[in-house]
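Please keep the structure in view while reading.

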Amino acid sequence: QDPLRVHVYVDGSLVLPPLTAGDARPEIEQQFPGMGPELGYTMSLTLPDDGVHKVCTYGINVGAGTVNTNLGCLSVNVRHMPYGHADALTLVPGSLVSRGWVYDPDSAAVVQVSHTVDGQPLTSVPANGARADIGARYPMYGGNRGYSTTVDLSTVPEGTHTLCAVGTNIDAGADFPMACTTGVVRHTPFGGFDSLVQTPTALTLSGWAVEPDVAGPATVTGTLDGQPIPALQATLNRPDIARLYPVDGGAHGFQTTLPVPAGEGTHTVCLTITNVGAGPDATAKCRTVVVTHKPVGRFDVVNLTNGQVTVRGWALDPDTTDAILIHVRVDGVLAGRALANQGRADVARYYPAYGAAHGYRFTPPTVLAKGTHNVCVYAINTGAGAGNPILACRKVTAP
C-alpha cells in the first residue's frame, strides 16, 4: 500500500530525484478498488536544448517480481527561442513596414521585435497587439501577440542593406530571425530630364523625379537662362519608372511649358529635385534648345514643263501650326505665291508638334522665255521674328 516510486528518463537519462506516486487520483481508485486514491504523479521538467526529446516513465517494482514497468513514452518537440511569423517586411519610401506576431515559449512576457540593419539594432517594438487568430491557435499564450510598425530609415546610410525583424529571446534559447529583406536605401533625390523642345506656343519640357524619403511627389525647381521658373510637382504616371523603381512607384513624371524666349539662339533650362529629410538636393540637370522664330523648310526640286516651272518642298513657321505662304521668284521677280499646306509625313516625324500639312507643290502662271533662269523659293514669316528666309534657288533652262 506504500506509494509507488516512479523513474523519469529523458533521452535515456534518469531525471533525479525520482518521483513518488502520491497525488490524489480518485478516478483511478474506481478502476482499481482497494488500492487507495493517491496513485498520481506530477513532474515539471526543464529541457534546455531545442529539438525533439523522448520522455519515458517507469513504475519501480516493489516486492516480488524483477521488472520495472514502462508506463509510457512521449516525444516532445522543445523550443526555447521565440516563435512567430512576419506577415510583412516591406521597403517603402523612407521607411520599412513591419507586421506580424511572435511569442516566447518560455515566458508569458511580451516579446520585443528588434529591427536590424546589416545585423545592427535600429529600433524595436513590443509584440502586444491584438491578434485573435493567434490566441485561438495558441490559447496558452493569449491573443495579444501581434506587432505592426513603420521603421524610419532616415538614419540608415545610402546603399544596399539587409533589414531584418528579429524576435528577442526571453530566458533560455536564442533570438529568432523572423524575416529579412535586402534593398537599396536612398536619400538623395534622383530623376531624368528627358526632353526640351520648342513647340508653336511654348517650350515644352518633360522628365521624372523621385524623392526617396517620401511617398508623395517630388518638387522640381529650375531656371531658364539663369532666371527662376515656377516649381512643379512630379505627379504624372510613368510605368517605366515603376518597373525600374518598384519601391517608389510610377507617379513621378512631370511635363510643363514655358514661354518661348523672344530672342533667337541657344537657351538653357536647368532642373533640380528638392531634397526632403536626409540627403542633399539632386545635382542639377540641364538641356539646351535652339529657339528660332523665322520659318524653316526646303526647296526640294524644280521641274520645267511647257515653259512653266513646278516647285516642290516644305515650309513651316515655328510660331504657328498653320500653313504659311511661300513666294516663288524667277530672276528676282515675283512669279506667284501659295500655301504650304500639303501632306508631308516626313515633316510630321521630324516636327511632331506641327503636323504634316506643311508641304507645297506649286506651278506659277509665268511662262519662261528661252534661256537660263534663276528660280528661288521664300518662306514668309508669321508672328515673331523678322525677314522671309530664302529656302533655296535653282537654275532651269527653257528651250
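Is Cys 270 buried or exposed? In this predicted model, Cys 270 has a relative accessible area of 19%, and because buried means under 20%, Cys 270 is buried.

## The pair of Cys 270 and Cys 286

Cys 270 forms a disulfide with Cys 286, the two sulfur atoms lying 2.0 Å apart, and with 110° about the S-S bond this link is right-handed. The bond joins distant parts of the chain, 16 residues apart, with Cys 270 in strand 20 (residues 265-273) and Cys 286 in strand 21 (residues 285-291). Cys 286, with a relative accessible area of 45%, is partly exposed.

## The pair of Cys 56 and Cys 73

The sulfur atoms of Cys 56 and Cys 73 are 2.0 Å apart and form a disulfide, which is right-handed because the torsion about its S-S bond is about 115°. Strand 5 (residues 51-59) holds Cys 56 and strand 6 (residues 69-78) holds Cys 73, so that the pair, 17 residues apart, links distant parts of the chain. Cys 56 is buried at 8% relative accessible area, whereas Cys 73 is partly exposed at 33% relative accessibility.

## The pair of Cys 164 and Cys 180

Cys 164 and Cys 180 form a disulfide with their sulfur atoms 2.0 Å apart, and the torsion of about 105° about the S-S bond makes it right-handed. Cys 164 counts as buried, at 10% relative accessibility, while Cys 180 counts as partly exposed, at 47%.

## Pairing along the chain

The whole structure contains four disulfides, and when the bonded cysteines are numbered in sequence order their pairing reads 1-2, 3-4, 5-6, 7-8.

How values were computed. Residues numbered from 1 in each chain as written. Predicted model: local features only at pLDDT ≥ 70, side-chain atom pairs only at ≥ 80, totals over all residues. Heavy atoms only, no water. Disulfide = S-S within 2.5 Å. Helix = DSSP H or I, 4+ residues; strand = E, 2+ residues; numbered from the N terminus. Buried < 20%, exposed > 50% of the residue type's maximum accessible area, 1.4 Å probe, protein only.
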